Amino acid sequence: MRQLKCVPSDTRRIHPQFPEEEHEAIADGRGGKVQFLSGYVVAGSELMEDQMRLLILGTGGMANQHAARFKAIEGVSVVGGVDVVAERLTAFCTEHGIANQFASLEEALAWGEFDAVANVTPDNIHHPTTLLAIAAGKHVFCEKPLATDAVKAMEMTEAIERSGKVGMVNFTYRNSPALQKGRQMVLAGEIGAVRHVEASHLQSWLVGRHWGDWKSESKWLWRLSKKHGSNGALGDIGIHIVDFASYGSGLDVTHVFARLKTFDKAPGHKIGEYDLDANDSFTMNVDFTNGAIGTIQATRTAAGQMDQLRLRVYGETGSIEMIYDTGQSTLRACLGEDVHTATWRDVPFDPVETNYQRFVQAVRAGRTQEPSFRRAASIQKVLDKALASDLSHADEALK
Ligand SMILES: NC(=O)c1ccc[n+]([C@@H]2O[C@H](COP(=O)([O-])OP(=O)(O)OC[C@H]3O[C@@H](n4cnc5c(N)ncnc54)[C@H](O)[C@@H]3O)[C@@H](O)[C@H]2O)c1
């Protein structure tokens, strides 16, 4: 956030949106310079909305979402882009009107004129680059999965928490109003104690060409290759559906029994430099904290489903179904007397804030919101146990 020279007596309640304590100022020890923790700073007696300057690291497919979503938020400027592929970087910065281009994060950090980094690099690049950004005192909005294993994810979590900066992870489907409202209903006891959970994340880009040709495009091929840092469908969309199932049911996973499957997709299981050895489908049996059980599954081979997450939470006195399907959310419930006729009814919901909006608010308030690095690390632990279970053919407990 931009810093402003002023004296501590300027500290006051300056915006009704935030509680008073979030507006305290902290001296940085350099001649009375004060950094305000909120998104609003005092200039004399005037109130000004602070500008948040964002650097986008990795300018491939998903970075287009980040650029569009962050630019749409008042007071946020995307000031720089970084990519190791020069043509991609230039095309991206031109398209989104971004003034500064860098060939590496190190180069961008040497320049330093930004407050936060949106890390949109491939999965195995998140860990080293996020640690560098944290060491340089930047807030980080990292793409999922936070890291390729829980040890690295915890290292990143501890680093961001020590730094006092904001660290959040883009669990995109938290933006679904059906998930948010469904969770509220579960937590309010509308279906009684949860007994059984059924969750699936279905994509079909290995079958259909709606998102391009996976056989020739690097953005799909790295997702199929362990040595390119991918944990396959488990790491890519398993992370989403485990978070969706756990968040929507309000429960944490305690035990996992998983099967992963990698299908034959090309001669010699290889295309160019990419070994096609990362899983394409998985199924998991899980236990939850309260003794409920459930199944969680995902695949990239579900023709007819572009991007569908479906969660059904069955409780003692009713059921709730939360669906996100390629941009559309629906919420249904079978409650009260309807359980005797198995009647489901649509439940209305209000729009919710996106992770992009929550991250900007968090930076302005100086306080991390969910989904945090810590949450992403805890979901990563479930994925690690699923990988272990597939190898051991045994049930794996989370500690
Ligand atoms: N939240 C979601 O719903 C969602 C959706 C899609 C992708 N993602 C995540 O976003 C990330 C990027 O995915 P994508 O589909 O955009 O991949 P992509 O391959 O299209 O883009 C990644 C970009 O990062 C660049 N890059 C690689 N190493 C780099 C480095 N060291 N420094 C700077 N740039 C580097 C690549 O050149 C490429 O342009 C992945 O972690 C993926 O899991 C999340």
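Q: Is the crossing of α8 and α10 left-handed or right-handed?
A: First, the names: helices (H or I, at least four residues) and strands (E, at least two) are DSSP runs, numbered from the N terminus. A crossing counts as left-handed if the near helix is turned anticlockwise from the far one by less than a right angle, and as right-handed if clockwise. For α8 and α10, the crossing comes out right-handed.

Q: What kind of model are we looking at?
A: Residues are numbered from 1 along each chain as its sequence is written. Local features need pLDDT of at least 70, side-chain atom pairs count only at pLDDT 80 or more, and totals for chains, interfaces and linings use all residues, as this is a predicted model.

Q: Are α8 and α10 parallel, perpendicular or oblique to each other?
A: Look at α8 (residues 232-249) and α10 (residues 373-392): their axes are 10 Å apart, and the angle is about 125 degrees. Those axes are lines fitted to C-alpha atoms over the stretch in contact, with angles from 0 to 180 degrees between N-to-C directions. Under 35 degrees is roughly parallel, over 145 roughly antiparallel, 65 to 115 roughly perpendicular and the rest oblique. So α8 and α10 are oblique.

Q: Is Gly 248 buried or exposed?
A: Gly 248 sits in helix α8. To be buried, a residue needs 20 or more other C-beta atoms within 10 Å of its own; 12 or fewer makes it exposed, in between is partly exposed, and the C-beta atoms are placed from the backbone. Gly 248 has 28 such neighbours inside 10 Å, so it counts as buried.

Q: How far apart in space are Arg 183 and Ser 246, C-alpha to C-alpha?
A: Arg 183 is in helix α6 (residues 177-187), and it is buried, with 21 other C-beta atoms within 10 Å. Along the sequence, Arg 183 and Ser 246 are 63 residues apart, yet C-alpha to C-alpha they are separated by 9.6 Å.

Q: What is omega for the peptide bond from Glu 370 to Pro 371?
A: Pro 371 is in the loop between α9 (355-365) and α10. The bond from Glu 370 to Pro 371 is cis, with omega near 0 degrees.

Q: What is phi of Ala 342 near?
A: Ala 342 is in the loop between β20 (328-334) and β21 (345-346). It is exposed, with 8 other C-beta atoms within 10 Å. Its phi is positive, in a residue other than glycine, and near 55 degrees.

Q: Is His 393 buried or exposed?
A: His 393 lies in the loop between α10 and β22 (396-397), and its phi is positive, near 55 degrees. With 9 other C-beta atoms within 10 Å, His 393 is exposed.

Q: Which domains give residues to the shell around the ligand?
A: There are 26 residues around the ligand, with Gly 58, Gly 60, Met 62, Glu 143 and Lys 219 coming nearest. Near means the C-beta atom, placed from the backbone, lies within 6 Å. The domain bounds come from an automatic or database domain assignment. The ligand lies between the two domains because both give residues to its shell: domain 2 (52-172) and domain 3 (173-397).
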